[in-house]
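I set out to record what can be looked up in this structure. My entries follow in the order in which I made them.

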Amino acid sequence: MVVGAFPLAKLLYLGVRQMSKPVANRIKAGARRSEFFKNYVCLPPAQLYHWIEMRTKMRIMGFRGATIKPLNEDAAAELGAELLGETVVFLIGGGCMVLEYSRQAANSRRKEDELNATITSLQTQIAELALTTETLDAQLREFNRQILSFPLPSKK
């Protein structure tokens with residue numbers, strides 16, 4: 001039994017996905033340290049996430065008109081950094097899936113092209129064999145006609 005080539009691309013994708021978690025942690029740490037990043041990148045999504053989450057929970061519990069207080073700055077920065085880190089991991093994983101899909105599609109297209117080339121080659125060979133058969137059939141009819149045109153030896 002022949003074993004296929006080692007899936008190097010899959011190993012590479014696995015490595016990228018494993019590396020995405022430490023990268024996300026570094027981004028989160030940087031987001032906590034930088035005021036600009038914290039105020040303009042982390043806080044707005046965290047407050048929006050908190051508002052949607054609390055609004056959903058309140059509606060499920062039956063409180064329709066309750067106002068939702070925003071998170072304090074530290075909690076929002078922490079939640080925003082977590083959201084950012086999870087987004088990075090999700091995007092890297094999604095990118096790996098897209099790359100794997102495109103690689104598989106390219107392999108499938110290549111195999112289909114090879115199969116089409118083989119089918120075309122076989123059709124060409126069949127056409128050539130049909131032409132050869134017709135030629136041989138015409139020659140056989142001509143030989144039969146010539147044989148029948150010879151006079152039969154008479155019996156004495």
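I note that the model is a predicted one.

I then looked up the aromatic pairs and found that the structure holds one. Phe36 and Tyr40 form this pair, with a tilted geometry: the centres are 5.0 Å apart and the planes stand at 45°. I recorded the pair as tilted because an angle under 30 degrees would count as stacked and one over 60 as edge-to-face.

Are Phe36 and Tyr40 buried or exposed? I found Phe36 exposed, and Tyr40 likewise.

**Overall form**

I listed the secondary structure next: the protein has three helices and zero strands. Read from the N terminus, the order of elements is α-α-α. I looked up the radius of gyration, which is 38 Å; the globule rule gives 15 Å for 156 residues, so the protein is more spread out than a compact globule. For the C-alpha trace I noted a span of about 130 × 40 × 30 Å along the principal axes.

Last, I looked up the charges: the protein carries 21 positive and 15 negative ones, and their mean positions lie 4 Å apart.

Note on methods:
Residues are numbered from 1 along each chain as its sequence is written. This is a predicted model: local features need pLDDT of at least 70, side-chain atom pairs count only at pLDDT 80 or more; totals for chains, interfaces and linings use all residues. Side-chain values use heavy atoms; hydrogens and water are left out. Rings of Phe, Tyr and Trp (its six-membered ring) pair if their centres lie within 6.5 Å; planes under 30 degrees apart count as stacked, over 60 as edge-to-face and the rest as tilted. Buried means under 20% relative accessible area, exposed over 50%, partly exposed in between (1.4 Å probe, protein chains only). Helices (H or I, at least four residues) and strands (E, at least two) are DSSP runs, numbered from the N terminus. The radius of gyration is taken over C-alpha atoms; the globule rule is 2.2 Å times the number of residues to the power 0.38. Lys and Arg count as positive and Asp and Glu as negative; His and the chain ends are not counted. The place of a charge is taken as NZ of Lys, CZ of Arg, CG of Asp or CD of Glu.
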